[in-house]
Amino acid sequence: MTAAWLTLAAAITTSLVGQVLLKAGASGSVAASAGFIDQLFRWQTIIGLGAYGGAALLYIIALRKIPMSVALPCTAASYVVIALIGWAVFGESLGAQKLAAIALICGGVVLLATTA
């Protein structure tokens, strides 16, 4: 695996961390009763936004070597992981239809990643 692919993996992972933190910043008893501005300045939201910024920078670096037509669809791998995190951490549903969609996404990501 080349440095560009490791950078893309780091960008995807950093984006995942940002998504989980943004969800945490928008959830919970404090967040449910707070207004948008209060949620915006929760530590989880602030760090989550920072993680998204870091993910964008890593993605830009990965794009120097990986074609955009391959790199962007590979970020769909985050949909799979975030669905599992949503189910395990936040109690979101994960039925047969979502599992089938996840399988299709996995197949597409593998197919694209092997064309580079």
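Let me start with one residue. Set aside the neighbours of T7 within four places in sequence, and T7 is in contact with L58, I61 and A62. T7 itself lies in helix α1, which covers residues 3-26. Is T7 buried or exposed? It is buried, because its relative accessible area is 16% and the cut-off for buried is under 20%.

Before we go on, a word of care. This is a predicted model. The mean pLDDT of the protein is 88. Of its residues, 92% reach 70 or more. Which elements sit at the two ends of the scale? Helix α2, residues 28-33, has the lowest mean pLDDT, at 59. Helix α4 has the highest, at 96. Where pLDDT is low, the predicted coordinates should not be read in detail. Keep that in mind when you look at α2, with its mean of 59.

Now the overall picture. The protein has 7 helices and 0 strands. Read from the N terminus, the order is simply α-α-α-α-α-α-α. How big a box do the C-alpha atoms fill? Roughly 50 × 35 × 20 Å, taken along the principal axes. There are 116 residues in the protein, and buried ones make up 28% of them. Next, take the contacts with a separation of 6 or more. Residues 24 or more positions apart account for 68% of those.

On to the domains. The protein is divided into domain 1, residues 1-66, and domain 2, residues 67-115. Their C-alpha centres lie 17 Å apart. The contact takes 12 residues from domain 1 and 14 residues from domain 2.

Next, the largest pocket. About 160 Å³ of space lies in it. Where is this pocket? It lies between domain 1 and domain 2, because both give residues to its lining. Which residues are they? Here is the list: A11, I12, S15, Q19, Y52, A55, A56, Y59, T75, S78 and Y79.

Which helices supply at least two residues each? They are α1, α4 (43-62) and α6 (77-90).

S15 counts as buried, because its relative accessible area is 15%, and buried means under 20%. What does S15 touch? Leave aside its neighbours within four places in sequence, and S15 is in contact with Y52 and A55.

Is A10 buried or partly exposed? Its relative accessible area is 30%, so A10 is partly exposed. How far is A10 from A113? In sequence, they are 103 residues apart. In space, the gap is 16 Å, C-alpha to C-alpha.

Definitions and conventions:
Residues numbered from 1 in each chain as written. Predicted model: local features only at pLDDT ≥ 70, side-chain atom pairs only at ≥ 80, totals over all residues. Heavy atoms only, no water. Helix = DSSP H or I, 4+ residues; strand = E, 2+ residues; numbered from the N terminus. Buried < 20%, exposed > 50% of the residue type's maximum accessible area, 1.4 Å probe, protein only. Contact = heavy atoms within 4.5 Å. 1 Å grid on protein atoms, 1.4 Å probe; cavity = no way out; pocket = protein on both sides within 12 Å on 5 of 7 lines; lining within 4 Å. Points joined across faces, edges and corners; volume = space filled by probe spheres on them. Domains from an automatic or database assignment. pLDDT = per-residue confidence, 0-100.
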